[in-house]
Amino acid sequence: MTEFDPDPAFLRARREAWTILGAWLVSMVWTVGVSWWMGYGESVWGARRVLGWPAWVFWGVAVPWLASTVFTVVFALRGMADDAVSDGPESPAAPRP
């Protein structure tokens, strides 16, 4: 039995996937938590307002949406790498002699 040595491109892609999943999870927890905390039981007409929006919508939806957009752009430009795909001899797609 041979030892499996994963490709560095695979390891980087897996790390990027976990980073994106973590950012999504933080955004979801923030959105659900803040929206519930600030919006539950709030009357429609008596709601506090921020920039004309109900405060729970601003802090629970708009802010994480904007933060997620900024994170996506920065991560795509700075955090992700573009690796070449190789069909080396150890690749399952490589033809065998």
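Ser35 is buried, at a relative accessible area of 15%; buried here means under 20%, exposed means over 50%, and partly exposed is what lies in between (1.4 Å probe, protein chains only). This is a predicted model, where local features need pLDDT of at least 70 and side-chain atom pairs count only at pLDDT 80 or more, while totals for chains, interfaces and linings use all residues. Residues are numbered from 1 along each chain as its sequence is written, and side-chain values use heavy atoms, with hydrogens and water left out.

Ser35 sits in helix α1, which covers residues 8–39. Helices (H or I, at least four residues) and strands (E, at least two) are DSSP runs, numbered from the N terminus. The Ser35 side chain reaches back to the backbone oxygen of Thr31, at 2.7 Å. Set aside the neighbours within four places in sequence, and Ser35 is in contact with Trp30, Tyr40, Trp56, Gly60 and Val61. Contact means heavy atoms within 4.5 Å.

## The chain as a whole

The chain has two helices and two strands, and they follow the pattern α-β-β-α along the sequence. Of the 97 residues in the chain, 16% are buried. If you take contacts between residues at least 6 apart in sequence, 55% of them join residues at least 24 apart.

## Helix α1 from end to end

With 32 residues, α1 reaches 46 Å from its first C-alpha to its last, close to the 46 Å expected at 1.5 Å a residue. That expected span is 1.5 Å times one less than the number of residues in the helix. Just past the end of α1, Gly41 takes a positive phi of about 85°.

The buried residues of α1 are Glu16, Ser27, Val34, Ser35, Met38 and Gly39. What do they pack against? Their partner is α2, residues 55–79.

## How the two helices meet

The axes of α1 and α2 come within 8 Å and cross at roughly 170°. Axes are lines fitted to C-alpha atoms, for helices over the stretch in contact, and angles run from 0 to 180 degrees between N-to-C directions. The pair is therefore roughly antiparallel: angles over 145 degrees get that label, those under 35 count as roughly parallel, 65 to 115 as roughly perpendicular, and the rest as oblique.

On the α1 side, the contact is made by Glu16, Thr19, Ile20, Ala23, Ser27, Trp30, Thr31, Val34, Ser35, Met38 and Gly39. From α2 come Ala55, Trp56, Trp59, Gly60, Val61, Pro64, Ser68, Phe71, Phe75 and Gly79. Sorted by type, the residues of this contact are 12 nonpolar, eight polar and one charged. In that scheme Ala, Val, Leu, Ile, Met, Phe, Trp, Tyr, Cys and Pro are nonpolar, Asp, Glu, Lys and Arg are charged, and the others, Gly among them, are polar.

## Pairs across the helices

Ser27 of α1 is buried, with a relative accessible area of 18%. Beyond residues up to four places away in sequence, Ser27 touches Pro64 and Ser68. Ala67 belongs to α2 and is partly exposed, at 44% relative accessible area.

Glu16, also placed in α1, counts as buried at 11% relative accessibility. Leaving out residues up to four places away, Glu16 touches Phe75, Gly79, Met80 and Ala81. Glu16 and Ala81 are 65 residues apart along the chain, with their C-alpha atoms separated by 9.1 Å.

The C-alpha atoms of Trp65 and Thr31 are 8.9 Å apart, across 34 residues of chain.

Leu51 is in the loop between β1 (49–50) and β2 (53–54). At 75% relative accessibility, Leu51 counts as exposed. Its phi is near 55°, a positive value in a residue other than glycine.

Definitions and conventions:
A polar contact is a pair of N or O atoms within 3.5 Å; within protein, one must be able to donate a hydrogen and the other to accept it, and residues adjacent in sequence count only if both atoms are side-chain atoms.
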